[in-house]
Amino acid sequence: MKHDRGEGPGGPVLAVEGLWKSYHGAPVLRGIDLSVEAHEVVCLIGASGSGKSTLLRCVNLLETVDDGTIHLDGVEITDVRADPDDVRKRMGIVFQAFNLFPHMTVLDNITLAPRKVHGVARPEAEERARELLDRFGLADKAGAYPDRLSGGQQQRVAIIRALAVRPRLMLLDEVTSALDPELVTEVLGVIRELKAGGMTMILTTHEMGFCREIADTVCFLDGGVLLERGTPEEIFTDPREPRTREFLKSVLDARRI
Amino acid sequence: MSEVTWVKSERQLQRERLRRVRAARSGTIATVSTIVFLGVLAAVVTGSPGWPRVRDTFFSAEAFAKAWPDVLDGFWTNVTIFLIAEPLILVVGLLVALVRTLRAPVFFPLRALAVAYTDVFRGVPTLLVILLVGFGVPALDLQGAPRDEVTLGVIALTLSYGAYVAEVFRAGIDSVHPSQRAAARSLGLSHGKTMRYVVLPQAWRRVVPPLLNDFVSLQKDTSLVSTIGVVEALRQAQIYASSKFNYTPYLAGALLFVLLTIPMARFTDHLAARSQRRRGQ
């Protein structure tokens with residue numbers, strides 16, 4: 001029986017080198033280098049507009065890069081000859097706005113990619129989906145349509161949907177930002193569970209406490225530059241860069257109000 | 001839940017009494033104004049100087065009874081044309097709309113063809129398309145080309161309406177939020193599978209009302225094929241009208257078309273209501 005994650009060769013799962021991206025001439029990413037090891041949880045923090053989400057979208061090839069390379073398991077995915085569909089099969093991405101398919105039940109949302117992309121037979125795909133739903137406390141929602149679920153439930157389904165294809169790497173983009181505070185907890189619980197299962201993840205978040213708890217590595221982005229990278233201890237207790245200190249202070253101040 | 005029972009307050013009871021009074025008053029006003037309106041309309045029409053002649057030429061019960069079987073017979077031709085053309089139009093429209101979503105360079109000629117097709121056939125009046133196809137295709141004298149007027153009429157209507165329906169489909173496809181496409185693509189679904197499983201099912205629901213609207217219009221436009229010699233309801237009525245100098249058969253034809261389109265309109269409402277319920281309103 002396979003695990004949640006696909007297995008690959010040794011070396012970093014993801015290697016981003018010298019990544020540049022701009023929209024209509026405005027640079028969003030300016031020479032990003034980032035490498036992610038197997039089972040590592042990397043947390044991207046930074047102000048809005050610092051390029052966190054764009055970085056994830058580039059990694060998922062939802063955006064074409066202006067310069068630089070991205071390697072997944074040692075294979076360059078930014079090669080113009082690379083098949084984006086094939087790359088995305090090995091990655092799961094979860095968006096801030098859930099983006100569940102409104103015309104499908106929860107079960108169909110989850111089994112769509114396994115059945116139609118990975119060629120898994122329906123009974124098998126459904127069995128796995130029910131297993132995951134059960135594990136994340138949503139067993140009774142299999143037949144429901146997304147609009148009948150709370151935001152927290154929808155986001156958990158979105159995570160399960162990404163998980164159903166046993167991705168090598170999970171990208172979580174502000175997955176709790178659109179949720180009411182009391183619903184954030186249940187989604188964070190799912191991410192904790194993923195970490196316990198050894199999933200390699202990159203996540204962007206505004207929840208600093210959670211970031212500190214879950215991350216192996218924290219990266220601070222500022223104006224499209226990866227300014228500082230370190231363990232949560234290093235970043236949160238003794239940041240090197242004045243910009244990092246400033247950002248963390250403003251976030252903590254905002255919390256106090 | 002705690003044990004709290006609700007007894008309507010005096011204020012609420014008073015409010016409900018007032019609402020009932022107002023509802024009754026609204027009903028009375030609506031009834032009276034409708035009667036007055038219809039009465040005035042009838043008075044104006046029957047009071048007009050030409051009314052006796054109109055009554056004889058347009059509302060003759062005898063002519064109606066005589067022409068009805070023939071007009072009804074012709075009407076089945078309209079229904080047949082409609083039933084054959086409708087699925088063909090759906091297929092053509094959907095294909096053209098889908099071709100326009102293809103981005104790969106190899107499909108450029110197809111895409112250009114689709115754009116040219118919608119531009120041309122939306123621009124040319126349906127009646128002209130029917131005349132051009134109806135008289136032009138047989139004149140080519142091609143082996144295997146259809147000569148039967150009904151077939152030619154179906155082809156012409158399909159060409160004309162296919163262009164409209166393609167645009168309806170395209171609007172529906174564009175109306176599905178890009179984030180849905182991004183979500184599907186990020187799961188590894190190809191362009192084709194994203195269209196088939198994610199975009200089209202959502203687009204389909206949104207285009208049903210405008211599509212049915214086009215089909216109501218198509219039902220009426222089946223009468224245009226009378227110009228190339230198909231003896232359908234309008235033609236039958238015309239034949240009768242010109243031989244007996246009585247226009248009542250036209251009214252019979254109109255009645256048949258209305259009887260066909262009203263169920264279609266109610267069906268549209270039904271579908272809209274169902275999708276509302278499904279969305280959990």
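Visitor: Which residues does Ile160(A) touch, leaving out those up to four places away in sequence?
Guide: In this predicted model, Ile160(A) touches Ile110(A), Leu132(A), Leu133(A) and Phe136(A) once residues up to four places away in sequence are set aside.

Visitor: And which residues touch the most other members of the largest nonpolar core?
Guide: Ile160(A) is one of them, along with Cys43(A) and Leu171(A). That core holds 113 residues.

Visitor: Which helix gives the most to this core?
Guide: That's helix α6 of chain B, residues 149-175, with 13 residues in the core.

Visitor: What other core lies apart from it?
Guide: There's another one of 10 residues, and its members include Ala63(B), Val71(B), Tyr240(B) and Leu256(B).

Visitor: Back to Ile110(A). Is it buried or exposed?
Guide: Ile110(A) is buried, and it belongs to α3(A). Other buried residues of that helix include Val106(A), Asn109(A), Leu112(A) and Lys116(A).

Visitor: How many of the residues of α3(A) are buried?
Guide: Eight of the 11, so helix α3 of chain A, residues 106-116, is largely enclosed by the rest of the structure.

Visitor: What do those buried residues pack against?
Guide: They pack against α4 (122-135) and α5 (151-163) of chain A, together with α8 of chain B.

Visitor: Chain B again! How many residues are in contact between the two chains?
Guide: On the chain B side there are 17, and they are in contact with 19 residues of chain A.

Visitor: Which elements of chain B give two or more residues to that side?
Guide: Those are α7 (178-186) and α8 (191-221) of chain B. α7(B) gives the most, with six residues.

Visitor: How does that side of chain B split by class?
Guide: You get seven nonpolar, seven polar and three charged residues on the side that touches chain A.

Visitor: New topic: what secondary structure does chain A have?
Guide: Chain A comes to nine helices and 10 strands. Its radius of gyration is 18 Å, close to the 18 Å that the globule rule gives for 257 residues, so chain A is as compact as a globular protein of that length.

Visitor: What does its C-alpha trace span, and what share of chain A is buried?
Guide: The trace spans about 55 × 50 × 35 Å along its principal axes, and buried residues make up 44% of the chain.

Visitor: Which feature does UniProt place on chain B?
Guide: An unreviewed UniProt entry puts "domain: ABC transmembrane type-1" at residues 75-268 of chain B. Over that stretch the chain is 81% helix and 0% strand, with its end C-alpha atoms 23 Å apart.

Note on methods:
Residues numbered from 1 in each chain as written. Chains lettered and ligands numbered in written order. Predicted model: local features only at pLDDT ≥ 70, side-chain atom pairs only at ≥ 80, totals over all residues. Contact = placed C-beta atoms within 7 Å. Helix = DSSP H or I, 4+ residues; strand = E, 2+ residues; numbered from the N terminus. Nonpolar A, V, L, I, M, F, W, Y, C, P; charged D, E, K, R; others polar. Buried ≥ 20, exposed ≤ 12 C-beta atoms within 10 Å, placed from the backbone. Rg over C-alpha atoms; globule rule 2.2 N^0.38 Å. UniProt positions renumbered as here; feature names shortened; annotations may be inferred. Core = buried A, V, L, I, M, F, W, Y, C linked by C-beta atoms within 7 Å.
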